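Open the model in a viewer and follow the stops below in order.

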Amino acid sequence: MTLLGVSTGVLADRTDLTGLLAYEPEVVEFYNYPRSMLAAIERFCARHGIRPALHTPVPYDEPRPLRRFAPTGPDPDEAATALRLTEATVRCAADLGALHVVVHFPSPYPPYPLAGFDSWCRDFLDAACGLAREHGVPVLVENLSAHPLLHTAEHYRDALAGRPELGLCLDVGHAHLLGPEHGPLGYARALGPVVRSMHLYNTTTARYPEHGHEPAHAGQSAADGYLPLAEVLPELLDLTGAPAVVLEHRPPAPGDPEPEQISRWIRALIGPRRPGSSTPDGPGLRTPDGPAVRTPDGPAVRTPGGPGPRTPGGPAVRTPGEPARTAPTGPPRPAHT
C-alpha cells in the first residue's frame with residue numbers, strides 16, 4: 001500500500017497548514033519548523049487524520065535559515081551540527097508518531113576531498129542507525145546529485161547495505177538530473193524495497209536552475225526533457241513497493257495546475273497500490289503498518305508505520321494505513337530541498 005503525501009515546501013506561507021488540505025494528503029512531511037509550531041502540527045495532523053513525517057531539521061529554532069547541512073564534513077563542526085540536528089529530528093519524530101525521518105546525505109558542497117570521506121560516511125550512518133533503533137523511527141537518507149564520490153544508485157546501495165534501520169528516500173528529480181544512465185529507475189532496480197519513500201516533482205536539466213522543483217502534471221513531455229512520470233512512477237512502485245510518495249514541488253505559480261488536479265493525477269498513477277485497492281497478482285506490497293524489523297543487537301525498528309500522531313492528552317490516532325567511488329567529476333548540482 002502506498003500513501004500519498006505532500007511536503008510543506010509546497011506552501012507559500014509555511015504557517016498556513018490548511019493550504020495542504022487541497023492535496024488531500026494521507027502524509028505530510030514537515031521541514032524546517034521551529035519548536036513553537038510542534039503543538040499546532042500535532043493538532044493539525046490529529047484533526048485531519050494525517051500521518052506526519054519529518055525532514056531534518058525539525059525542530060529548528062535558529063534565527064537564520066539553515067544554509068548548509070554537511071553530515072560528512074569535511075568540517076568537523078558542520079558534521080557535528082548535522083548529527084545534532086538529525087538526533088533532534090528523530091526524537092521529535094518519535095514523539096509525534098512520525099512515519100519516517102528524511103535526512104540529506106552526503107555533504108553536497110565542494111570541495112570533495114577523498115581523504116577521510118569513507119570515515120565521515122560510516123560515522124554518520126552508524127549514528128543514524130543507532131538513533132533509528134533507539135527511537136523506533138526509520139531514518140531515510142535522501143539521494144543528492146552533487147558529490148562525485150557518492151551519488152549513484154550503486155553508491156547508495158553500498159552505503160546502506162547491512163543497515164536495515166535505514167532506508168532511501170528516492171528524490172526522483174535529483175536522480176533524473178543525473179541523466180538516463182543513473183535515473184530513478186536505476187535507483188529502484190538497485191535498491192528495491194530499501195526505497196521507503198519518494199520525493200516527487202518534475203524538472204529538466206535546462207529548467208532546473210531557474211524553476212527548481214516544478215509540480216508534476218500530465219502535460220510534461222519527455223521530448224522536452226521532463227521525466228515521463230505516467231510511465232515511470234508505476235514502474236518505480238512495482239520495483240520498490242515504497243510506502244509513501246510525497247509531492248515536493250515549489251509553491252504553485254500562475255499557470256500551474258491546481259493542487260486537486262496534481263494529487264488526483266498522482267493518485268491515478270499509484271492506482272491499485274492505494275489504500276483500500278486490491279493489489280495485482282505477485283509479491284505483496286509493503287504497508288505502512290507492516291511488521292517491525294528486528295536488528296541483531298537492539299529492539300524492533302518500526303517500518304513506516306507504528307503509533308499514529310497523539311492528540312494532546314489523548315490516545316494515538318491511527319491513519320490509513322564504505323561506499324563505492326567514482327572519479328571526482330561532478331554531476332549537475334541541484335538545490336538541496
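A crossing is called left-handed if the near helix is turned anticlockwise from the far one by less than a right angle, and right-handed if clockwise. By that rule, the crossing of α6 and α8 is left-handed. Helices here are DSSP runs of H or I with at least four residues, and strands are E runs of at least two, numbered from the N terminus.

The model is predicted: local features need pLDDT of at least 70, side-chain atom pairs count only at pLDDT 80 or more, and totals for chains, interfaces and linings use all residues. Numbering starts from 1 along each chain as its sequence is written, and side-chain values use heavy atoms, with hydrogens and water left out.

Select residues 184-191 (helix α6) and 229-240 (helix α8): they pack at about 10°, with axes 9 Å apart. Axes are lines fitted to C-alpha atoms over the stretch in contact, and angles run from 0 to 180 degrees between N-to-C directions. The two helices are therefore roughly parallel (an angle under 35 degrees).

Next, show the side chains at this contact (heavy atoms within 4.5 Å). From α6 come Pro-184, Leu-185, Ala-188 and Arg-189; from α8 come Val-232, Glu-235, Leu-236, Leu-239 and Thr-240.

Now select Leu-233, also in helix α8. Is Leu-233 buried or exposed? Its relative accessibility is 0%, so Leu-233 counts as buried (under 20% relative accessible area, 1.4 Å probe, protein chains only). Beyond neighbours within four places in sequence, Leu-233 contacts Met-198, Leu-200, Val-245, Ile-266 and Leu-269. Met-198 lies 35 residues from Leu-233 in sequence, and their C-alpha atoms are 9.9 Å apart.

Finally, zoom out: the chain has nine helices and 10 strands, and 54% of its 337 residues are buried.

Technical notes: Parallel < 35°, antiparallel > 145°, perpendicular 65-115°, else oblique. Buried < 20%, exposed > 50% of the residue type's maximum accessible area, 1.4 Å probe, protein only.
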